[in-house]
Amino acid sequence: MIEDVFRAHIQPSRIFANRDALSPHFVPDNLPNREAQVEELSKTLAPILSGRKPENVFIYGKTGVGKTAVTKYVIRKLERFAQEHNIPVRSVYVNCRVHDSRHRVLLKVTNAFFQGENFLGLSTSHIYEKLLQALESGIRLIIVLDEIDKLKGLSETVYMLNRANDELERGSVSLIGISNNLTFKEALDPQTKSTLCQKEMIFPPYNAEELRTILEERAKIAFREGAVDSSAISLAAAYAARQSGDARYAIALLLRAGEVAEEEGANKVTEAHVKKAREKVEEDIVMDMIKALPQQEQIVLLALARITLSRAGIKRLGQNDTVITSGELFEAYAKTARELGVTPVSDRWFREYISDLDMYGIIRTTPAGKGFRGNTRIVKLAVPANKVVSVLERIFLG
Ligand SMILES: Nc1ncnc2c1ncn2[C@@H]1O[C@H](COP(=O)(O)OP(=O)(O)OP(=O)(O)O)[C@@H](O)[C@H]1O
Ligand SMILES: [Mg+2]
């Protein structure tokens, strides 16, 4: 009954007390196993309170190891403390994946001081002058450049922001750069490197035990009392530890496990729910990856998924399980592209795409061998075809 579907949403959950505590946007009140990093960053920034400009900091470590969480936590506390003591400390958090050029970063930072004003159309140097003007009153600014490796024109950006310190009579600008790209720092030019990496912090991955404490803390807020087995938490922690010690993955897994338990009408989350959740989370990751692929590769995938679905129908009717060759897929791809109003690429490019998709693990290809023309390959989708079709049709057809 459709009403049952609706009813489930007005009834209080048997599993969750506060599901939002497991959302990626939740900012926890404390960060277990990051006490040392919190302290180190606090000590590095603290001189700002007595008017000395803190060293610029470069933080790196793999994905999901708490770089953003720790930085936001410390900055927030510092700003609050400064406010209580009437010290003009301000911070601006910039995600460089969104604000990915010098101009955009400057716009974002400067806007924080001129709320409601529109700087669109102004030149970069003009906006920079505005920023200096804002800081002139003695404001000590900390700029967090998160995912800094995504920033185009990084050297110019760092140079310009840092130069403010020479131009300001009062006030200062300090930088915190964050990256999960471990080779990024080495690729920096010497001057940028020495400016940005006055102080470096490396965040190690979490081990299973650390992830378990993180999850336990979070579970206390997120779940009803007794609604999650501690063995389920341990299992989620163990899976995430294997997944390069990523706390984001661990938390996502626990959320999914809770949802699976809920859908099944269970009273508590068990190991079995975590196992099922893992399959779903892996699938979510692949789907996110598919959403981010270049358009032409998406069209190749859409064509492949559609053929796969239609073949599944044939198979059920008792006919041969026919394989899909690269040649066939190329035809289908070209047809799908034209239907979508996109000009298909040549066979040469098509083969590049196939090998990309294979490398990502979204498809599997093997040489077709005897009886087929030259370099024909057998192509197989490695993810559920119906999911791929629904994700991509939403993108292309709205
Ligand atoms: N020590 C911790 N205690 C509680 N929660 C944590 C801890 N470390 C990380 N988290 C949580 O895990 C998730 C990922 O952490 P965070 O966003 O800080 O990772 P990151 O190192 O910035 O990763 P990325 O490089 O992918 O941006 C967040 O939801 C964060 O709240
Ligand atoms: Mg981050």
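View 1. Helices (H or I, at least four residues) and strands (E, at least two) are DSSP runs, numbered from the N terminus. This is a predicted model, in which local features need pLDDT of at least 70 and side-chain atom pairs count only at pLDDT 80 or more, while totals for chains, interfaces and linings use all residues. Residues are numbered from 1 along each chain as its sequence is written, chains are lettered from A and ligands numbered from 1 in the order in which they are written, and side-chain values use heavy atoms, leaving out hydrogens and water. Along its principal axes, the C-alpha trace spans about 80 × 55 × 40 Å.

**View 2. Here is the largest nonpolar core, with 37 residues.** Such a core is a set of buried Ala, Val, Leu, Ile, Met, Phe, Trp, Tyr and Cys residues joined through side-chain atoms within 4.5 Å; buried means under 20% relative accessible area, exposed over 50%, partly exposed in between (1.4 Å probe, protein chains only). Phe113, Leu141, Ile143 and Leu161 touch the most other members. Elements giving two or more residues include β2 (89–95), β3 (140–146) and α6 (154–167), and the largest share, 6 residues, comes from α5.

**View 3. Now let us look at Ile143 and its contacts.** Contact means heavy atoms within 4.5 Å. Leaving aside neighbours within four places in sequence, Ile143 is in contact with Val92, Val94, Val109, Leu161, Val173, Ser174, Leu175 and Ile176.

**View 4. Another core, of 36 residues, lies apart from the largest one.** Among its members are Ile299, Ile307, Ile363 and Val383. Over the chain, buried residues make up 45% of the 398 residues.
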